[in-house]
Amino acid sequence: MRHLVNLIMWNNYASSMKPIGEIEERLANKAEPILGFKPSSKIKRGPIGIIISIICIAIVFRELSRAGVI
């Protein structure tokens, strides 16, 4: 019975989630006035996106190290 309740709760949660593409589009529209251009998936998958991802990963590891997690 408990598994059924968890499944029903998960289905309710999953049905209220928005698709990732919709969220990305809203964020791109909000970032456009600040950046001067609209970020797109092409940028994220290109060399610039890879460099930004590496920098973000380095920052995350540094912060986790400072916090004593790693």
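Colleague: What does the accessible surface of the protein chain come to, and how much of it belongs to carbon and sulfur atoms?

Modeller: This is a predicted model, and its protein chain has an accessible surface of about 6,400 Å². Carbon and sulfur atoms account for 68% of that. As for burial, 4% of the 70 residues count as buried.

Colleague: Where among the elements is the mean pLDDT lowest, and where is it highest?

Modeller: The general idea first: where pLDDT is low, the predicted coordinates should not be read in detail. Here, helix α1 (residues 2–16) has the lowest mean, 56, while α4 has the highest, 87. Over the protein chain the mean is 75, with 67% of residues at 70 or more.

Colleague: OK, on to α4. How far apart are its end C-alpha atoms, against what it should span?

Modeller: Take 1.5 Å a residue: the 21 residues of α4 should span 30 Å, and the end C-alpha atoms are 30 Å apart, so the two agree. Just after α4 comes Gly-68, with a positive phi of about 85 degrees.

Colleague: And what does the check give for helix α2?

Modeller: Helix α2 covers residues 20–35, and its 16 residues should span 22 Å. Its end C-alpha atoms are 21 Å apart, which agrees.

Colleague: Where does α2 bend, and which proline follows?

Modeller: The bend is about 25 degrees and sits at Asn-29. Pro-33 follows within four residues. Just after α2, Gly-36 takes a positive phi, about 90 degrees this time.

Colleague: Now the charges. How many salt bridges does the structure hold?

Modeller: Side chains of opposite charge can pair when their charged atoms come close. In this model there are two salt bridges. One joins the side chains of Arg-62 and Glu-63, at 3.1 Å from N to O. In the other, Arg-66 meets Glu-63 at 3.7 Å, again N to O.

Colleague: How many residues apart are Arg-66 and Glu-63, and in which helix do they lie?

Modeller: An α-helix has 3.6 residues a turn, so residues three or four places apart point the same way. Arg-66 and Glu-63 are three residues apart in helix α4 (residues 47–67), about one turn of the helix. Through shared partners, the salt bridges join Arg-62, Glu-63 and Arg-66 into one network.

Colleague: Is Arg-66 buried or exposed?

Modeller: Arg-66 has a relative accessible area of 62%, so it counts as exposed. Arg-62 is partly exposed at 44% relative accessibility, and Glu-63 is partly exposed at 35%.

Colleague: Last one: which residues make the nonpolar surface patch?

Modeller: Ile-57, Val-60, Phe-61, Leu-64, Val-69 and Ile-70 make it, and the patch is about 570 Å².

Conventions: Residues numbered from 1 in each chain as written. Predicted model: local features only at pLDDT ≥ 70, side-chain atom pairs only at ≥ 80, totals over all residues. Heavy atoms only, no water. Salt bridge = Lys/Arg side-chain N within 4 Å of Asp/Glu carboxyl O. Buried < 20%, exposed > 50% of the residue type's maximum accessible area, 1.4 Å probe, protein only. Helix = DSSP H or I, 4+ residues; strand = E, 2+ residues; numbered from the N terminus. Patch = residues over 30% accessible without salt bridge, like charges linked within 9 Å, V, L, I, M, F, W, Y side chains within 5 Å. Areas by Shrake-Rupley, 256 points an atom, 1.4 Å probe, with all protein chains shown as cover. Expected span 1.5 Å × (residues − 1). Bend = angle between axes of the 7 residues up to and from the residue. pLDDT = per-residue confidence, 0-100.
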